Structures are given as structure tokens and as C-alpha cells.
Amino acid sequence: MAKLGLFKSFGFGIGSALVAMAVYPLIASAAKPLMKSVIKGGLGLKDQMKHAYAESREQFEDLVAEVKEEMEEK
């Protein structure tokens, strides 16, 4: 009886592998455009973050310069 369960499990595993091999190319070709758009969005976000960081840093440096100037006047 245990052998029958083993054969069923083995058969199920082989069948699943065959189905996966047949379906994978379809899924991969459908997912490629989606992944490309996700990557493009990520790269765009990265550029926006770099720009925002540069602006924030410049404003902070300006503020520090103003404080130093005020301290020197006193």
C-alpha cells in the first residue's frame, strides 16, 4: 500500500514538472514586459530621489552658511 502512495507522489511530481516546463515559457514571455516597466519605474524613481537629495543638501548647506555668518557677526 505504501508503494502505491509513493508511485502516486512520484507521478504527481513528474506530471507537475512537465506542466511547469510547458507553461514556463508562456509565463516568462508575458512577465517580461511587466518586469521591464517595473524596472523603468524604479530607475525613474531613483533619478527623482537623487534630484530631491541634491536639492535638500543644497538648502541645508545654505542654512549652515547663514548660521555661520550670523555667528561671525556677533
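Trainee: Which residues form a nonpolar patch on the surface?
Mentor: Phe 10, Ile 14, Leu 18 and Met 21. Together they have about 460 Å² of accessible area. Keep in mind that this is a predicted model.

Trainee: Take Met 21. Where is Met 21 found?
Mentor: In helix α1, which covers residues 2-73.

Trainee: And is Met 21 buried or exposed?
Mentor: Exposed. Its relative accessible area is 59%, and the cut-off for exposed is over 50%.

Trainee: Back up a bit. How many helices and strands are there in the protein?
Mentor: The protein has 1 helix and 0 strands.

Trainee: What radius of gyration does the protein have?
Mentor: It comes to 30 Å. A compact globule of 74 residues would be near 11 Å. The box tells you about the outline too: the C-alpha atoms fill roughly 95 × 30 × 5 Å along the principal axes.

Trainee: What share of the residues is buried?
Mentor: Buried residues make up 0% of the 74. The protein exposes about 7100 Å². Carbon and sulfur atoms supply 69% of that area.

Trainee: Switching to charge. How many positive and negative side chains are there?
Mentor: There are 10 positive and 10 negative side chains. The centres of the two sets lie 32 Å apart.

Trainee: Which residues form the negative surface patch?
Mentor: Glu 55, Glu 58, Asp 62, Glu 66, Glu 69, Glu 70, Glu 72 and Glu 73.

Trainee: Pick two of those. How accessible are Asp 62 and Glu 70?
Mentor: Asp 62 is partly exposed, with a relative accessible area of 44%. Glu 70 is also partly exposed, at 48%. Asp 62 is found in helix α1, and Glu 70 has its place in helix α1 as well.

Trainee: How far is Glu 70 from Tyr 24?
Mentor: Their C-alpha atoms are separated by 67 Å. Along the chain, Glu 70 and Tyr 24 are 46 residues apart.

Trainee: What about another pair: how far apart in space are Ala 28 and Val 64?
Mentor: They are 52 Å apart, C-alpha to C-alpha. In sequence, 36 residues separate Ala 28 and Val 64.

Trainee: Now pairing. What can side chains of opposite charge do?
Mentor: They can pair when their charged atoms come close.

Trainee: And how many salt bridges does the count come to here?
Mentor: The count comes to 1 salt bridge.

Trainee: Which side chains meet in a salt bridge?
Mentor: Arg 57 and Glu 61. The distance is 3.1 Å, N to O.

Trainee: How many residues apart are Arg 57 and Glu 61?
Mentor: They are 4 residues apart, about one turn of the helix. Both lie in helix α1.

Trainee: How do Arg 57 and Glu 61 count for accessibility?
Mentor: Arg 57 counts as partly exposed, at 44% relative accessibility. Glu 61 counts as partly exposed too, at 43%.

Conventions. Residues are numbered from 1 along each chain as its sequence is written. This is a predicted model: local features need pLDDT of at least 70, side-chain atom pairs count only at pLDDT 80 or more; totals for chains, interfaces and linings use all residues. Side-chain values use heavy atoms; hydrogens and water are left out. Helices (H or I, at least four residues) and strands (E, at least two) are DSSP runs, numbered from the N terminus. The radius of gyration is taken over C-alpha atoms; the globule rule is 2.2 Å times the number of residues to the power 0.38. Buried means under 20% relative accessible area, exposed over 50%, partly exposed in between (1.4 Å probe, protein chains only). Accessible areas come from the Shrake-Rupley method with a 1.4 Å probe; for residues, only the protein chains shown count as cover. Lys and Arg count as positive and Asp and Glu as negative; His and the chain ends are not counted. The place of a charge is taken as NZ of Lys, CZ of Arg, CG of Asp or CD of Glu. Patches are made of residues with over 30% relative accessible area and no salt bridge: like charges are joined within 9 Å, nonpolar side chains (Val, Leu, Ile, Met, Phe, Trp, Tyr) within 5 Å. A salt bridge is a side-chain nitrogen of Lys or Arg within 4 Å of a carboxyl oxygen of Asp or Glu.
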